[in-house]
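Visitor: I am new to this structure. Please take one part and walk me through it closely.

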Amino acid sequence: MFTKKSKIAMAAACAVIVIGGGSALAYVSGRSNDGKAEKTVKSDKNAKTSAKKSAGMDLNAIKSGDFSSVAGTWKNQGGDTYVFDDHGLKAAIFDGKKITDAEVLLKAEGSVQAATIKDGMLQASLGNKEHSANTVSTVAPFYFIPKGVNLPGTSNPSSDRLYCGQALGDDNVFTKTIESKETQQMENLSLKEKEALALLGLPEHFQSDYGETTPDMILKGQAKPVRKVNGQLQPYDTKFRGVRLVPEREKYVLELQNIPDDVYNQTSQRGVIYLDGDTIVYKTEAVIAQGKAKDETVQDQTTGKKSMYDLYKQYKNTKKLHEMEKLIVEE
């Protein structure tokens, strides 16, 4: 089932990425004992799939459940994402949070209409894998739009697009991300390298577990936790050495290491980081408890987004990147 938050996000923004490739069917009536016929089937299958991908969107194939012509990664302007495999939607990623219970609905069921090809595009719906949860109010329009077809209210008809949302506009349009040697190189980075890049990209006013921090403060070992003085919260200077990005479900919590024992922090916020492919999402969470022990979070707010690859281009082979890596304490 969608969570309440994921339903709202789906209806409001509907980010789209598509991964994978459906397989073209090939049939050989016989097979030799040495397996040569089987290899021919696989070769034909791969060739047909590659041809379909290069030809652009095949609306009829998608309508029948073959998503190979839209294989790859698609993102909107905010970095939100949908991921498809050969058989349909595999995952959606909104503000760094991964949703796996969504599905592109192609067949008529209850109050949900069947996907149709109209005005040069395939008009389907986005709903829940648990079909009993799908009603007119819980599904969102989901369109596959080939190159050259105009969707009123949006721009860039010069490429294949995906659209999902309740309001027309470029914010709800997703285009394919080209896999390059550079993006493959990003996948080969170690977790510590990715964490170091994320720390170097911290937005303004990001909160560690001991107050607001910046990349330079982390590199210098400076912290400014807050405490009450005459009834007012005031920051004060202290030193630390090392940081940890502590995994907590799908996010990482920034914790300063080797803080002096007499330092007490009364901030009611903490910063968290989501790492998802090329997208880094920074959030501030309000927390219930104060001091060193933090209870469950009660709300969060996105404070920034960065491209991992852009940070890599900026900091690769620099002293700052090497120093930040050395400061990260592994469990």
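Guide: Start with helix 7, residues 308-315. Its buried residues are Met308, Leu311, Tyr312 and Tyr315. Buried means under 20% relative accessible area, exposed means over 50%, and partly exposed lies in between, with a 1.4 Å probe and protein chains only. Look down the axis of helix 7: the buried residues fall within an arc of 105°, so they line one face of the helix. The arc is taken from the directions that run from the helix axis to the C-beta atoms. Helices here are DSSP runs of H or I with at least four residues, strands are runs of E with at least two, and both are numbered from the N terminus.

A word on the model itself. It is predicted, so local features need pLDDT of at least 70 and side-chain atom pairs count only at pLDDT 80 or more, while totals for chains, interfaces and linings use all residues. Residues are numbered from 1 along each chain as its sequence is written, and side-chain values use heavy atoms, with hydrogens and water left out.

Now the partner. Two packed helices are described by the angle between their axes and the distance between the axes. The axes of helix 5 (residues 191-200) and helix 7 come within 10 Å and cross at roughly 85°. That makes helix 5 roughly perpendicular to helix 7. Axes are lines fitted to C-alpha atoms, for helices over the stretch in contact, and angles run from 0 to 180 degrees between N-to-C directions. Under 35 degrees counts as roughly parallel, over 145 as roughly antiparallel, 65 to 115 as roughly perpendicular, and the rest as oblique.

Which residues make this contact? Helix 5 brings Lys194, Leu197 and Leu200, and helix 7 brings Met308, Leu311, Tyr312 and Tyr315. Contact means heavy atoms within 4.5 Å. The residues of this contact divide into six nonpolar, no polar and one charged. Ala, Val, Leu, Ile, Met, Phe, Trp, Tyr, Cys and Pro count as nonpolar, Asp, Glu, Lys and Arg as charged, and the others, Gly among them, as polar.

Step past the end of helix 7. Asn317 follows, and its phi is positive, near 65°. Then look at helix 8, residues 319-327. Its buried residues are Leu321, Met324, Glu325 and Leu327. They cover an arc of only 160° around the axis, which puts them on the same side of helix 8. The face turned away from that buried side carries the exposed residues Lys319 and Lys326. What covers the buried residues of helix 8? The cover includes helix 5, helix 6 (215-220), strand 17 (243-248) and helix 7.

Go back to helix 5. The loop between helix 5 and strand 11 (206-208) holds His205. Its phi is near 65°, a positive value in a residue other than glycine. His205 counts as exposed, at 51% relative accessibility. Asn258 also deserves a look. This residue is in the loop between strand 18 (251-256) and strand 19 (269-276). Asn258 is not a glycine, yet its phi is positive, about 60°. Asn258 is exposed, with a relative accessible area of 58%.

Finally, step back to the whole chain. The protein chain has eight helices and 21 strands. Of its 331 residues, 47% count as buried. Among contacts between residues at least 6 apart in sequence, 53% join residues at least 24 apart.
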